[in-house]
Amino acid sequence: MAKYIKTWGLTLIYGLSLVWWLADTSRIKAQLVEWFGIGSPLIERTPLSTLVWQHITLVSIATLAAILVGIGLGLAVRLSRSEELESLVIRFGALGETIPSAAVIALSVPLLGYGNEPILLALFLYAILPIVRNTLSGLNSVAPDITEAAKGMGFTEIQQVFKVEFPLAFPTLIAGIRTALVINISAATLGATVGAGGLGVPIIAGIRTSDPVLVLIGSVPVILMALVADRVLRSITPQRSIP
Amino acid sequence: MIKLSHMTKTYGAITALDDLSLEVRNGECLVLIGPSGCGKSTLLKTINRLVEPDAGEITIHQKPIHDYAPEVLRRQIGYCIQGVGLFPHLSVSDNIAVVPRLLKWDEPKIQARIDELLTLTGLPLSYKTKRPHQLSGGEAQRVGVCRALAADPEVLLMDEPFGAVDPMTREQIQLAFRELQRRLKKTVLFVTHDLEEAILLGDRIALMHRGKILELSTPESLGQSTPNETVNQFIGADYALRILRRSTLEDLKLTAVQPQTEDRRLESTSSLKEALAVLLESGNQRVITVIDHQAYRVDVGDIMAHLQAVRYG
Ligand SMILES: Nc1ncnc2c1ncn2[C@@H]1O[C@H](COP(=O)(O)OP(=O)(O)OP(=O)(O)O)[C@@H](O)[C@H]1O
Ligand SMILES: [Mg+2]
């Protein structure tokens, strides 16, 4: 019970804060301008709620695609039962994560042009790595006596992966998705540098015009959304004590 | 009938199976016993093809096991794995239902079977919705036995199925299993390293050592055929006492007497081991038992005569 209050209570608080931030933007902004003593109290062309919506759309499309492709890739590698391929994928994944996301965005502009596409590609690529890695490590962490039982009962290779290993890997998989989602919610702000929508727009504009109020106006919803996503995914992770 | 001929399996420098041949007869419980690492599990797993031997052949009912696809073979063989290996994400009933579902039984039949098996192994039906981590070690092993029996296989492979249970529960499960086996007459290959268990459950005992079968005989005559140092060491000097547990007072030839009030009474279903213990501490008191409304006197001599007959006779 206490656990539910903690999870959903916090989620509710973060969610309500976000709603308040969106509903009362002009008053909050005026107040911040007063405190900081700089910045313009003017309202932007695009309302903050539209930016939030754009942001959610960008992150959702990229992450959802990454979940589908990432799990598929993880299962395919597992079904190949090739340890070389598996370690190759994991090593390649670790390498991929060291490429700065700004570089991915900048490099994809000549290919995809300005707009939402470069950031979608970058977010997709970044999300896919933790998901594939966690899918594989989840599948691998299934205890040997469980896999032996599965074989011994007469599961085929494919049934064993889908009916036993995958469900047991699920908590690890969700953890991977959570990492990917939280990273993507904040990384999506970079898209504004190459003409994408989302909450990066006020943040980048604020940085360009040295306006901390504008940066704050864009950042707070990003933080709150990341917190909500983290909480929700934690709460849907099956809590199971596996011996 | 399971017939293994000239089985060999090596792991690097270790010879787990060394040109081993063995026959498990239809309807018998053959207990495979031996020290840790002698190759018992390896032998068991060659039968359901979890281990491929380097050499040798196995037939079940005269049919080579390689005539079946591995999955098809395994679904016909009940298997209790060493260390239980229940699926942690499935409830007790879904664990038991695994093989029937693979065999595409219809759901009402599966549900009825689950209830039947839980009752058979002495687990309450309310356990159906429990998860494996909510079970005690002994309960989990019983569910493991249910899972192995679920599709009513003719052949059962059991790898230390009661290993993780405390002595009290263990004896209960053993007796329940013995009852079960007397009724169901499965062809069972049962692995243990507990001699008591082997004596209680085995129709025959195969003593295994370093990948070979040293001796194969009934529990009563184990260690009688050829003098062998390893065998003698393994069965110990008190073996005669141990096999007393296999017989009850009903197996003795007893003298009928008139019961008296001061007699010490024993159930006729008491094992000879219990009877002997009672006799040892009874002093001058007479010990009797009642079989079919007739009282009989129980004497140390009767037990000795019985032992002579079954072990040395
Ligand atoms: N997959 C494997 N790889 C390498 N060696 C193995 C493997 N499986 C078993 N062995 C070795 O083969 C020998 C026989 O193992 P096995 O599991 O059959 O023993 P066991 O008689 O069942 O022992 P226990 O009573 O401890 O379960 C052991 O020395 C073990 O170390
Ligand atoms: Mg073993």
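Modeller: Let us begin with the side chains of A:Glu148 and B:Lys45, which form a salt bridge with an N to O distance of 3.4 Å. The model is a predicted one, in which local features need pLDDT of at least 70 and side-chain atom pairs count only at pLDDT 80 or more, while totals for chains, interfaces and linings use all residues. Residues are numbered from 1 along each chain as its sequence is written, chains are lettered from A and ligands numbered from 1 in the order in which they are written, and side-chain values use heavy atoms, with hydrogens and water left out.

Biologist: Why is the pair A:Glu148 and B:Lys45 called a salt bridge?

Modeller: The term requires a side-chain nitrogen of Lys or Arg within 4 Å of a carboxyl oxygen of Asp or Glu. The pair A:Glu148 and B:Lys45 has an N to O distance of 3.4 Å, and therefore the name applies. The rule finds one salt bridge across the interface of chain B and chain A.

Biologist: What makes up the side of chain B that touches chain A, by class?

Modeller: That side has nine nonpolar, five polar and six charged residues. Here Ala, Val, Leu, Ile, Met, Phe, Trp, Tyr, Cys and Pro count as nonpolar, Asp, Glu, Lys and Arg as charged, and the others, Gly among them, as polar.

Biologist: How is the size of an interface expressed?

Modeller: It is often given as the accessible area lost when the parts come together. Buried area is what two parts lose on being put together, found with a 1.4 Å probe and summed over both. Chain B and chain A bury about 1,800 Å² between them, 67% of it on carbon and sulfur atoms. In chain B, the residues that lose the most area to chain A are B:Phe87, B:Pro88 and B:His89, together 30% of what that side buries.

Biologist: Is B:Ser41 buried or exposed?

Modeller: Buried means under 20% relative accessible area, exposed over 50%, and partly exposed in between (1.4 Å probe, protein chains only). B:Ser41 has 18% relative accessibility, so B:Ser41 counts as buried. B:Gln82, at 39%, is therefore partly exposed.

Biologist: What is the class of B:Cys29, and which residues does B:Cys29 touch?

Modeller: B:Cys29, in strand β3 of chain B, has a relative accessible area of 0% and is therefore buried. Contact means heavy atoms within 4.5 Å. Not counting residues up to four places away in sequence, B:Cys29 touches several residues, among them B:Phe177, B:Val188 and B:Leu201.

Biologist: What is noted about the phi of B:Asp292?

Modeller: Most residues other than glycine have a negative phi. B:Asp292 has a positive phi of about 50° although it is not a glycine. B:Asp292 has 71% relative accessibility and therefore counts as exposed.

Conventions
Helices (H or I, at least four residues) and strands (E, at least two) are DSSP runs, numbered from the N terminus.
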